[in-house]
Amino acid sequence: MIGLCDMRSFYASCEKVFRPDLRGASVVVLSNNDGVIVACDPESKAAGIKKFEPYFKQLELIEQAGIHAFSSNYELYGEISSRIMDTLAALAPNDIEIYSIDECFIDFGGVPPEQLKPLGRSFRDAIWQEQRIRMGVSIGPTKTLAKLGQYATKVLPKIEGVCVLEHEHQWQWLAERVAVSEVWGVGRRLTQKLKAMGITTAAGLAAMSEANARALQGITLVRTIQELNGEAVIDMELEPPPKQQIISSRSFGQKQTHLQSLQEAASNHAARAGEKLRAQSSVCYRLSAWAETSRFETNRYSDDLCMSFPGGTADSRTLSRAAADVMARVFRQGLRYAKVGVVLHDIRAASFSQRDLLIPENRASGQVMQLMDGLNKRFGSGSVKLARQAGATRFAMRRELKSPNYLNSWHDLPRIRVN
DNA sequence: TCTGGGGTCCTAGGACCC
DNA sequence: TCTGGGGTCCTAGGACCC
């Protein structure tokens, strides 16, 4: 059996941990640059707040309803997350897979069925006790059914946040009552297509033939259906598989009009992507970079170019030079750029990389990068960077409503006033 | 002032080769 | 009059996730 632990409205809950005055209040959390709302608690949802809709469009509602809005504080969420995951890893009977910042799968293999529910409940209690974060625990024979069980923990108060789907009739009962859009792997587009075919519930999807599923959405949907029927085909991933593609991109806080700005930003992204590449001991053979104006401008413009590295590279200097070169070639005077980004493709394990007879090997490259990564890890990212990269505050995000870094900064430690 | 996230994987279809 | 293969590589765009 596989369990799924899911933190309730995680970012919004984190904002309440050090603000007891906000417990019971409505809270939303904004994306980078205060662009869209990425997290809302049940209270703000009830007030009509929509996730992934622009903040500025919901500002009026937020003020009217007395909702507290926060810029995202990833330092805080990341720290709380890692404490939670440590606690769960220590409690878990077997391995855990950290699936996202607020979710993890737990392998419950070998646990007697009658102990699943009490165990799930004890995990939930432990996280509330130690971190003051609400968590739902759902357990089923497959990851997709465990995900489905989360729905039950949210809408059925009597199960008190813990759902165990042990027998087929239990998940069938649930699948008949859950909208197909709630199924893991079913997004907006697929929901529409399924609706046109008369499929509106998870049970309806589970009954679809493999041929139809393959035609409709390929192998991913076939797997989803197998999992809905209790056949585990999506394995636990104890260590994340190496990425086949690495992206770093970000919208600017303010529109940029100069080539040099784009180059500095693209260099940042190349360096960040390079860090991720080295972290998984890979090299890449191609890099593409792009620059775009706002999606919402009438004359939307976007251009990209690809550069290749015949011998493969994981060196931030090579990557950032390539990214800056791309910017020089796609840049157009007079445009207001909203975003640039870098993608690494053709990623292979560094140990398998072929050396090219005609390309001199830079023996020092690995050592220089290792040193750079080590310093940045120890003294904070950005402590050592390339001259081509932007200064730390150059492209500061708009984060006007950020809470203090309660857990990562001496200056931001919570203060308690004793009268 | 004037606003609109970030990241990953899959696949259909084009281009090309023999 | 009307037909004509099979495979690989590459990439843009689609779709999904949180």
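In the predicted model, DNA strand C is surrounded by 17 residues, of which Lys147, Gly185, Arg189, Leu190 and Arg286 are the closest; a residue is near the strand if one of its heavy atoms lies within 4 Å of it. Sugar and phosphate make up 89% of the atoms of DNA strand C that come within 4 Å of the protein. Local features need pLDDT of at least 70, side-chain atom pairs count only at pLDDT 80 or more, and totals for chains, interfaces and linings use all residues. Side-chain values use heavy atoms, without hydrogens and water.

A polar side-chain atom of Arg286 is placed 2.3 Å from a phosphate oxygen of DNA strand C, and a polar backbone atom of Leu190 is 3.1 Å from a phosphate oxygen. For Tyr99, a polar side-chain atom lies 3.4 Å from a sugar or linking oxygen. Strand 5 (96–100) and helix 8 (188–196) are the elements giving two or more residues to this surface, helix 8 contributing the most, with four; helices (H or I, at least four residues) and strands (E, at least two) are DSSP runs numbered from the N terminus.

Elsewhere, helix 10 (residues 210–217) packs against helix 11 (residues 219–228) at about 140°, with axes 6 Å apart; axes are lines fitted to C-alpha atoms over the stretch in contact, and angles run from 0 to 180 degrees between N-to-C directions. Glu210, Ala213, Arg214, Leu216 and Gln217 of helix 10 meet Ile219, Thr220, Leu221, Val222 and Ile225 of helix 11, contact meaning heavy atoms within 4.5 Å.

Key: Residues are numbered from 1 along each chain as its sequence is written. Chains are lettered from A and ligands numbered from 1 in the order in which they are written. A polar contact is a pair of N or O atoms within 3.5 Å; within protein, one must be able to donate a hydrogen and the other to accept it, and residues adjacent in sequence count only if both atoms are side-chain atoms.
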